[in-house]
Amino acid sequence: MTQPVFILGGAQSDFAANWTRADKTLFDLIADTTRAALADVNMDASEIDAVHVGNFAGELFCGQGLLGGMMGHVDPGFEGKPTSRHEAACASGSMAILAAMSDILAGHYDTVAVVGVEMMRNVPGETAAQHLGSAAWAGREALGARYLWPAMFSDLAEEYDRRYGLKYEHLAAISKINFDNAKRNPNAQTRSWQFGEGSFSQDDETNPVIEGWMRKSDCGQVTDGAAVIVLAGERSARDYAEARGLDLADIPRLKGWGHTTAPLLMDTKLEKSRKEGGYVLPWTRQAITDAYTRAGISGPDDIDGIETHDCFSVTEYMAIEHFGLTAPGEGWKAVEDGSIAFDGKLPVNPSGGLIGLGHPVGATGVRMALDCARQTTGRAGDMQVEGAKTFATFNVGGSGTANVSFVIGV
């Protein structure tokens, strides 16, 4: 990037909350989290120039579109401000960040809020699965599956097994790390969950199969949640820092980004990557390496931690390789040697990730960026990775279709 884009701060809702049971609505979720973000950065809504909203399926889950129109009800200071909404399935929040960043870099606006939100626990589980299935090619994929996405990502595990060999215990170990990390996170959906013997095994009673390779412990959560961050260009960030007695160098920034879109069909992706060899999802690899390049770093040796998309354990297994922690087919090494553990060489998902923290689809990309900003400024609380100055994200929509990576740090 030719000029930096700073993350002034933000807020995340409690991902354990069921907003419907609390008799609260999608608007309440947006409003409460946005107000908390404004409080975090000590700003008025009138100081925000524009708002970008990331949301996947508000119409399906809540019968609600045009979410940007709610901002004027959140605070009168938002009235008249430009808003827009962005959708790329589970990468919707990252798309909103990319759009806000582009606004700033183009000089259109200089202080922009990004709202990521999804309300998903107001419908039965099978209905939620059907709604989420709209990010696959309708009528062409996983037609016999009860749960589409576990079936789709089981296919990814099957591909790994076919190419390299895959042991379930490595997937289970990833899940256990994320559930353990979530216990440190005061906003994690599973922070109070208890696990018994066999919870991470291939025991069909204690860890039942959902689809194929994917068992209960391998799956990310269905979650109500929102995350909001405030981005600023250098001029606004400098004014912000001076007004509050801060050093501009201590405010985290988006150092690099990568964004690719693969063909929608999983079979097309896998067939193409088989022919080309190398990484199972080369579009994922490209998004990550583009972020590295734009940040001026060479790879994982130059970052202190990762917040990655673990909608399923195998998705994180894939990401470990695509971030460059290991060669293709060798993700198990980073699991076995402890590299990705909270106290490892390169912690992955100290927040708990989608498996432990939760996965409100439209909010996930924004939540990742917020957690990275906090990590690199020593504000991550019990989740803090000691000495962290640079973190990276990977956020995916669909079956590796929409791929977004950010490098964030001070």
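**Pockets and salt bridges**

The largest pocket holds about 910 Å³ of space. This is a predicted model, in which local features need pLDDT of at least 70 and side-chain atom pairs count only at pLDDT 80 or more, while totals for chains, interfaces and linings use all residues. Residues are numbered from 1 along each chain as its sequence is written, and side-chain values use heavy atoms, with hydrogens and water left out.

Now the terms. On a 1 Å grid over the protein atoms alone, a pocket is an open set of points where a 1.4 Å probe fits, with protein on both sides within 12 Å along at least five of seven lines; lining residues have an atom within 4 Å of a point. Grid points are joined across faces, edges and corners, and a volume is the space filled by probe spheres set on the points.

Which residues lie nearest the centre of the largest pocket? They are Cys219, Gly220, Gln221, Val222 and Phe312, out of 41 lining residues. That lining divides into 26 nonpolar, 13 polar and two charged residues. Here Ala, Val, Leu, Ile, Met, Phe, Trp, Tyr, Cys and Pro count as nonpolar, Asp, Glu, Lys and Arg as charged, and the others, Gly among them, as polar.

The second largest pocket has a volume of about 240 Å³. Its lining has 16 residues, and Leu8, Leu246, Ile251, Pro252 and Arg379 are the closest to its centre. By class, there are eight nonpolar, two polar and six charged residues in this lining.

Next, the charged pairs. How many salt bridges does the structure hold? There are 17, a salt bridge being a side-chain nitrogen of Lys or Arg within 4 Å of a carboxyl oxygen of Asp or Glu.

One of them pairs Arg274 with Glu159, with the closest N and O atoms 2.7 Å apart. Arg274 is in helix 9 (residues 266-276) and Glu159 in helix 6 (residues 148-163), so this pair ties together parts that are 115 residues apart in sequence. Helices are DSSP runs of H or I, at least four residues, numbered from the N terminus. Glu159 is buried at 1% relative accessible area, whereas Arg274 is partly exposed at 43%. Buried means under 20%, exposed over 50%, and partly exposed in between, with a 1.4 Å probe and protein chains only.

Lys272 forms a salt bridge with Glu276, their closest N and O atoms being 3.6 Å apart. These two are four residues apart in helix 9, so about one helical turn separates them.
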